[in-house]
Amino acid sequence: MNIRPPAQIDWLVGAVGEQAALSFIECAGGRRLWVPAKWVGSELAATYGEDVARALAERYGGNAVDIPVLRPWRIRMFRMMGLSCSDIAARVGVDRCTVVRTLARGPRIERPRKSWQTDPGQMRLF
């Protein structure tokens, strides 16, 4: 995808990739997590995956960290994945108007079309 991650998690996206970072933020956003210095076999690794646990331990090992919510970034990422505004609102925990306003403020993101919407064999009606 081509949406620049916020500075708070730019390092995490670089370490584990957009999808893993998005999943982690979606699950842990708003929480304070204890990050062990030794992540192997930890509860953090069992809950969020080894790659995320390794990246967090390298940066914050032995400390508690507050995970940001990052609603605008999540909204744009979900739109790039093709979700509707209503579905995005439900996943992010905001109303549909907030999703529409957030998408209007940033760069225009076209929702990917489904294959049945772009069938070259389908005759145009107009």
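Colleague: How many helices and strands does the chain have?

Modeller: Welcome! This is a predicted model, and its chain has seven helices and two strands. Starting at the N terminus, the order of the elements is α-α-β-α-α-β-α-α-α.

Colleague: What share of the residues of the chain count as buried?

Modeller: Of its 126 residues, 39% count as buried. The accessible surface is about 8200 Å², and carbon and sulfur atoms supply 51% of that area.

Colleague: What makes the W11 and Y60 pair edge-to-face?

Modeller: Two values settle that. The ring centres are 5.7 Å apart and the planes stand at 70°. Rings pair if their centres lie within 6.5 Å, and planes over 60 degrees apart count as edge-to-face, so W11 and Y60 form an edge-to-face pair. W11 sits in helix α1 (residues 10–16) and Y60 in helix α4 (residues 50–60), so the pair links distant parts of the chain, 49 residues apart.

Colleague: Why is Y60 called partly exposed?

Modeller: The relative accessible area of Y60 is 24%. Buried means under 20% and exposed means over 50%, so Y60 falls in between and is partly exposed.

Colleague: How many aromatic pairs does the structure hold?

Modeller: There are two aromatic pairs. Besides W11 and Y60, there are F24 and Y48, with ring centres 5.0 Å apart and planes at 90°, so that pair is edge-to-face by the cut-offs above. F24 belongs to helix α2 and Y48 to helix α3 (residues 43–48), so this pair ties together parts 24 residues apart in sequence. Both F24 and Y48 are buried.

Colleague: Which residues of α4 are buried, and what covers them?

Modeller: V52, A53, A55, L56 and A57 of α4 are buried. Their cover includes α1, α2, β1 and α3. After α4 comes G62, with a positive phi near 85°.

Colleague: What is noted about the phi of L70?

Modeller: L70 has a positive phi of about 55° although it is not a glycine. For background, most residues other than glycine have a negative phi. L70 is found in the loop between β2 (63–66) and α5 (71–80).

Colleague: How do you know whether L70 is buried or exposed?

Modeller: Its relative accessible area is 11%. The limit for buried is under 20%, so L70 is buried.

Colleague: And R31, why does that residue count as partly exposed?

Modeller: R31 has 46% relative accessibility. That value lies between the 20% and 50% cut-offs, so R31 counts as partly exposed. R31 is in the loop between α2 (18–28) and β1 (32–35). Leaving out residues up to four places away in sequence, R31 touches Y48, V65, D66 and I67. R31 and I67 are 36 residues apart in sequence, yet their C-alpha atoms are 5.6 Å apart in space.

Colleague: Why are α6 and α7 called roughly perpendicular?

Modeller: The axes of helix α6 (residues 85–92) and helix α7 (residues 96–105) come within 8 Å and cross at roughly 105°. Angles of 65 to 115 degrees count as roughly perpendicular, and therefore α6 and α7 are described that way.

Colleague: Which residues make the contact of α6 and α7?

Modeller: From α6 they are C85, S86, I88 and A89, and from α7 they are R96, V99, V100 and L103. Six of these residues are nonpolar, one is polar and one is charged.

Definitions and conventions: Residues numbered from 1 in each chain as written. Predicted model: local features only at pLDDT ≥ 70, side-chain atom pairs only at ≥ 80, totals over all residues. Heavy atoms only, no water. Axes fitted to C-alpha atoms, helices over the stretch in contact; angles between N-to-C directions. Helix = DSSP H or I, 4+ residues; strand = E, 2+ residues; numbered from the N terminus. Parallel < 35°, antiparallel > 145°, perpendicular 65-115°, else oblique. Contact = heavy atoms within 4.5 Å. Nonpolar A, V, L, I, M, F, W, Y, C, P; charged D, E, K, R; others polar. Buried < 20%, exposed > 50% of the residue type's maximum accessible area, 1.4 Å probe, protein only. Areas by Shrake-Rupley, 256 points an atom, 1.4 Å probe, with all protein chains shown as cover. Phe/Tyr/Trp six-rings, centres within 6.5 Å; stacked < 30°, edge-to-face > 60°.
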